Amino acid sequence: MGWMIGITAGVLVLLALIGFGRKRSSGRKGNVIQLKSKTRTSSGQRGQACSKCRRKRPLTFYADDSGAVRGLCTDCKKELGRHQELYPV
């Protein structure tokens, strides 16, 4: 009976040490990126590429009848708005 308690206690200690080592070593190696540590680019300020004309402008996002999301500039939105139904996202 005593040897079963000893083996159980040894296994629990071993599992605790393995779990503690994993928590400690996973510190900054994960796939989480701290936003404060990365510099922001100015590409977001210039705008994204329009889905139709591919010019970099501020976009408004719409979904069509099939559910596809498209980012359109104001010029392309006016042109496509006459031909098909667009729903704001």
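Leu14 is placed in helix H1 (residues 2-25), where helices (H or I, at least four residues) and strands (E, at least two) are DSSP runs numbered from the N terminus. The model is predicted, with local features requiring pLDDT of at least 70 and side-chain atom pairs pLDDT 80 or more, whereas totals for chains, interfaces and linings use all residues. Residues are numbered from 1 along each chain as its sequence is written, and side-chain values use heavy atoms, without hydrogens and water.

Leu14 also contributes to a nonpolar surface patch of about 840 Å², together with Trp3, Met4, Ile7, Val11, Leu12, Leu15 and Ile18. Patch residues have over 30% relative accessible area and no salt bridge; like charges are joined within 9 Å, and nonpolar side chains (Val, Leu, Ile, Met, Phe, Trp, Tyr) within 5 Å. Accessible areas follow the Shrake-Rupley method with a 1.4 Å probe, and for residues only the protein chains shown count as cover.

The count of salt bridges is 2, the criterion being a side-chain nitrogen of Lys or Arg within 4 Å of a carboxyl oxygen of Asp or Glu. In one, Asp75 pairs with Arg57, with 2.7 Å between the closest N and O atoms. Asp75 belongs to helix H3 and Arg57 to strand E2, so this pair ties together parts 18 residues apart in sequence. A salt bridge also joins the side chains of Lys52 and Glu79 (3.2 Å, N to O). Lys52 lies in the loop between strand E1 (48-49) and E2, and Glu79 in helix H3 (residues 74-83), 27 residues apart.

Lys56, in strand E2 (residues 56-57), is exposed at 52% relative accessible area (buried, under 20%; exposed, over 50%; partly exposed, in between; 1.4 Å probe, protein chains only).
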